[in-house]
There are 2 protein chains.
Amino acid sequence: MTRLEDIARETGFSIKTVSRAIHNHPDIKRETKELIMEVVRKRGFTPNWAAQSLRNQKTNTIGYIIPNITNGFFGEIGIAIDAFFRAKGYSTLICFTSDSRENEIESIRSLLAKNIDGIILAPIGNQGEYIDQIPNLDDTPLVLIDNRLSGPARNYVLQDNEGNSRRLAEHILGHGHTQIGFITGPLEESSSRERLNGFRDALEEARLSFDESLVRSVDWEIHSGYEATKDLLDQKGSSRPTAIIYGNTQLLLGGYKALREKGLSIPGDIAVASFEHPDIIDALSPCPTTLEKVEARIGQAAAEMLLSIIESKEKMPPREVYIPSQLVIGESCGCSGRR
Amino acid sequence: MTRLEDIARETGFSIKTVSRAIHNHPDIKRETKELIMEVVRKRGFTPNWAAQSLRNQKTNTIGYIIPNITNGFFGEIGIAIDAFFRAKGYSTLICFTSDSRENEIESIRSLLAKNIDGIILAPIGNQGEYIDQIPNLDDTPLVLIDNRLSGPARNYVLQDNEGNSRRLAEHILGHGHTQIGFITGPLEESSSRERLNGFRDALEEARLSFDESLVRSVDWEIHSGYEATKDLLDQKGSSRPTAIIYGNTQLLLGGYKALREKGLSIPGDIAVASFEHPDIIDALSPCPTTLEKVEARIGQAAAEMLLSIIESKEKMPPREVYIPSQLVIGESCGCSGRR
DNA sequence: TTGAAAGCGCTAACAT
DNA sequence: ATGTTAGCGCTTTCAA
């Protein structure tokens, strides 16, 4: 490993002068600096991170903790976070917890041990009390995204789930449907619960009754969307839905498969709309009606919020930011198509 | 931040004794240790990572550099790597390069500055010389995955692309097809080139001529698979393929959309098979014939290789590991189905 | 404009 | 079985 001292010896200056050159300190002669920087480049010297952060008590590093790295939603948020902080001279450490609370706590602890300057966390579940019990965490700026936890006020960047849900439902209602299925994730999760609430509000406003037999709450997986869709269409006693709204991409994908297998045409036999806006949308025909992409905006908002907390000296009261998104009309709802 | 010294003061022992307790050193009385550990737990103390690694010249951390975090393939490899190293007491830092060579070099340098113990890199492109020019990198164990670069021998974990391609092609040939389309990625990339080679070998062995007009080399994106498929089916002069093999999931997805839009039934009108084995397979009907999942095995193999290099004292000659995979018969090739 | 020395938190020799 | 001390590489007073 190349050290400051190696550069100092090679150039004949002291360690401190080399340090000054690297950090663009004004108190240094221009030629001295150029001489030193030449050697620095040649040797590929980069200051030892551990030594620097030990000395400065500042790591210029933030942590990003997500349930699952293979989830494109969190991946794209991460890209936005990384881009923002990279431009400010920070690095981003990503940890994934495989949907385990234990791993989540372990990740937080390991980030704290690294003295990172702040954390952006996409928490799992709905119980938030455990967060308040992690020692030393209150000294570290923390922003939560996408999922609200129980407990005291915290810094959040959330989606406008209710509003988004209302926009989707109103659009489907506008096509004249009155029997609308709604397939979403676990209702303990705030995101899922809020989506259902928005749906219910839209029905109320349209003076339609909310029919619980048209709602399915399952986990967020493809096969669950597949089975819930079949279940919804096969049920006896109630009339068939003429439209279905899906709570995320996975559920939609499962739904498309089920509808295709049943020989139902979209939107002819059944209209469809869905939350989120995955890249994989390009593989689907008909192109589904969805919402705008929000990943970049969530990442940006969370990163800005975190940086402002890191940079502010005094403690700030918790803030919440809601990211809304507009409809993106496709061909699955009955409109004549987009693009 | 809680320090060793805080625990020492609170328990009345010296710093060193506390350190011994934490590290399970034998030279410590059982009760002393229990007394200390109680306070350690209460305070949530974790040794300062920077101080530890500065002192030990060992960080127990490895770096994992990938082109794109939203690619599920690299994500799942990362999960396997992280699981392996976590069990050995190591952390994994993930960096993504957004397919930019500049970011890739920058990521390597930032990992070197952190004194990480080793790097697993999924390199982009096919030129490898730049790697040899990164200062100080030769002291750090490095394992490359999935893509072979030009230049000297290196540590690699690769897929058996030729063998896999041959297996896919032989299966399709076994269904009696003689006009087989092949849609794959850029031929500069070793993975893509080797896949095409395997396909050509299988044709030769079956005494069929290799018809270049049935091959498309595009980028690895969904829309490219869509357009290449339409292009292949629309071309004049040559007879239509009765089967198509896709080089990855994205291309397959685009292909399914194109075939559906053309009203062709799979496998009735056209047989289909594809490399990789994505989770999204559950959303497709008919279920495509693919290869086994290899992500976990690639990650495991790369992690094992890297750890063995980290732990070995003397320099070892570069090694290569090839991960083969078997066919997974679906419904898209003409077989009667699986499961 | 440059250099010397102290100390960030931790661990390994070396005492006791 | 426990404590003292030096030093990992860096930056920041302070002095020259």
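How many salt bridges does the rule find across the interface of chain A and chain B? The rule finds zero, a salt bridge being a side-chain nitrogen of Lys or Arg within 4 Å of a carboxyl oxygen of Asp or Glu.

The structure is a predicted model, in which local features need pLDDT of at least 70 and side-chain atom pairs count only at pLDDT 80 or more, whereas totals for chains, interfaces and linings use all residues. Residues are numbered from 1 along each chain as its sequence is written, chains are lettered from A and ligands numbered from 1 in the order in which they are written, and side-chain values use heavy atoms, with hydrogens and water left out.

Chain A and chain B each bring 50 residues to their contact, where contact means heavy atoms within 4.5 Å. About 4,400 Å² is buried between the two chains, 59% of it on carbon and sulfur atoms; buried area is the accessible area (1.4 Å probe) that two parts lose on being put together, summed over both. Of the area that chain A buries against chain B, I69(A), I94(A) and F96(A) supply 13%, more than any other three residues. Eight residue pairs, both members at pLDDT 80 or more, are in polar contact across this interface. A polar contact is a pair of N or O atoms within 3.5 Å; within protein, one must be able to donate a hydrogen and the other to accept it, and residues adjacent in sequence count only if both atoms are side-chain atoms.

On the side of chain A that touches chain B, two or more residues come from each of α4, α5 (72-87), β2 (91-96), α6 (101-113) and α11 (249-261) of chain A. Helices (H or I, at least four residues) and strands (E, at least two) are DSSP runs, numbered from the N terminus. The greatest contribution to this side is that of α5(A), with seven residues.

DNA strand C has 25 residues around it, of which S14(A), T17(A), L4(B), H23(B) and R55(B) come nearest; a residue is near a strand if one of its heavy atoms lies within 4 Å of it. Phosphate oxygens of DNA strand C lie 3.0 Å from a side-chain N or O atom of T32(A) and 3.4 Å from one of Q57(A). The surface near DNA strand C receives the most from α4(B), with four residues.
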